[in-house]
Amino acid sequence: MNIYLSQGLDPLPTTILFILPLLFLYAIVSRLRRKPPLPPGPKGLPIIGNMLTMDQFTLTNRGLANLAKKYGDMFHMKMGSVHMVAITSPEIAKQVLQVQDNVFSDRPTSKATRYLSYNRADLAFADYGPFWRQMRKLCVMRLFSRKRAESWNSVRDEVESMVKAVASNAGKPVNIGELIFTLTMNIIYRAAFGSINERKEEFLEIIQEFNKLFVSFNISDFIPWLGWFDPNDLNNKLAKARDSLDKFIDKIIDDHVQKRTKIDGSDGGTIHDMVDEMLTFYGDDEVNVKESDDLQSSIKLTKDNMKAIIMDVMFGGVETVASIIEWALAELIKSPDDLKRIQQELTEVVGLNRQVEEAHLEKLTFLKCALKETLRLHPPIPVTHHATCKHAEVAGYSIPAKTRVIINIWALMRDPNYWDDPETFRPSRFLKDGAPDFRGNNFEFIPFGSGRRSCPGMNLGLYGLEMAVAHLLHGFQWELPDGMKPSELDMSESFGLTAQRAIRLVAIPSPRLECPLA
Ligand code: HEM
């Protein structure tokens, strides 16, 4: 017999009374535990997501800034099965690069970057973790350190050679863009390999091919089950490119080993360049990295590691510095009053009877302001790419694990909430008390990034930038060719991974100093 009936109870209301609070509790708990929504963004199609609307322009700094106007400072897109989030405001950049940087410090990968970085055997493409930390220490404490005087010497020597080349072309149009690319290529080539040799051209070709392949579109990066589909013969091209690099660097490494052995008869000779430095960590087996501050005992590098790190140095250090030097000269030629003020400062600090030396740089306040303003308007890496290692929540939205996070540093350095008249080149804004600094704590001004993945080559890059611009402005007066007025100078930028000038800067130098330059 039914127990309720036997006790004279009405079964239904009692059951409801018992279950209802439980249901209510469950609803509250599950609501509390439910993940917030994804950030707003353009609606996509099944399987391909937003791929159809993403052309080459959309994923550039300007394309993403346009989308941000419609969808907000943090918006979401989907490329195949890959979540992508783009960030445009300093506040959200701070969340991602500082407050929650333990979650946002991985790097997204692609078939090309995995293959060309020897399966992420480097610093720039490695995920955040113990291996990355030791690579970072190796770069910061050894390869890019101020203590490696040879790298800084190569900046000075190569700037001097460039000044001589300009002086011997006085009165004629000089392609400044090409001149400066040669300068930064020579600086980094010498810092990495010790000397400029006849193989530089071969290396340049390899780098150019890598550059193309890094940005090549590959459908299986977004829809993995289409991995067999290779319409552009990418697999072949990747294998060829890596083979050329293998041949090139194997020979350089062998030459260095031989040279070191010749110098003192043992394998521990003098360290001249980055390859010598890395050879002190060389072990021919597996990559072997333990976490410790004693680098020498905790890192063993393979040849693949060394090759991948050399590519980081080349990609990190050549085009970035060349691009910002060229933009600085273009902005100053276009802004004659600022140029005059810098040259006046150079005359006072350095004098017209000698060239700039390292000790002068600290005193060149207005020149430094102009370089900061150039970094604000033309960051060489306009968007940086991070990835999440697990699910995160930012500004009330969900960011799934393995999301590609694009930080549009170009756009946030033009945010009108932080900058007066943000589109105008105005170096004097950095003279004001409390003007932001680029070391990574003012999120409206982060040309070198911020936090764990920020640029480890910043000091070397800044040294090259300051030395080159100071020498070119102190040594010469500059005029545009064919009677072009400064206001007519084309300032458009190319679309791509780096925000270079679309049209190379060409100008005519005339000597400014009383001492000989050539
Ligand atoms: C004006 C010059 C330079 C600028 C503006 C610049 C800017 C940057 C930026 C924005 C990042 C990415 C930060 C992020 O992902 O959040 C970066 C990373 C990096 N840069 Fe630079 N850079 C410059 C020069 C250099 C130089 C000279 C080198 C090496 C010789 C270098 C090597 C690297 C490397 C290896 C990384 C990857 C770091 C990592 O993933 O942990 N950079 N740089």
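Predicted model: local features only at pLDDT ≥ 70, side-chain atom pairs only at ≥ 80, totals over all residues.

Tutor: Residues are numbered from 1 along each chain as its sequence is written, and side-chain values use heavy atoms, with hydrogens and water left out.

Student: Why is the pair of Tyr189 and Phe193 called edge-to-face?

Tutor: Rings of Phe, Tyr and Trp (its six-membered ring) pair if their centres lie within 6.5 Å, and planes under 30 degrees apart count as stacked, over 60 as edge-to-face and the rest as tilted. The centres of Tyr189 and Phe193 are 4.9 Å apart and their planes stand at 80°, so the pair is edge-to-face.

Student: What makes Tyr189 count as buried?

Tutor: Buried means under 20% relative accessible area, exposed over 50%, and partly exposed in between (1.4 Å probe, protein chains only). Tyr189 has 0% relative accessibility and therefore counts as buried, and Phe193, at 5%, counts as buried too.

Student: Which label does the pair of Tyr71 and Phe75 receive?

Tutor: With 6.2 Å centre to centre and 40° between the planes, the pair of Tyr71 and Phe75 is tilted. Tyr71 is partly exposed, with a relative accessible area of 21%, whereas Phe75 is buried at 0%.

Student: How do you know that the charged end of Arg242 sits over the ring of Tyr115?

Tutor: A charge sits over a ring if NZ of Lys or CZ of Arg is within 6 Å of the ring centre and within 35 degrees of the ring normal. The charged end of Arg242 sits over the Tyr115 ring, 4.2 Å from its centre.
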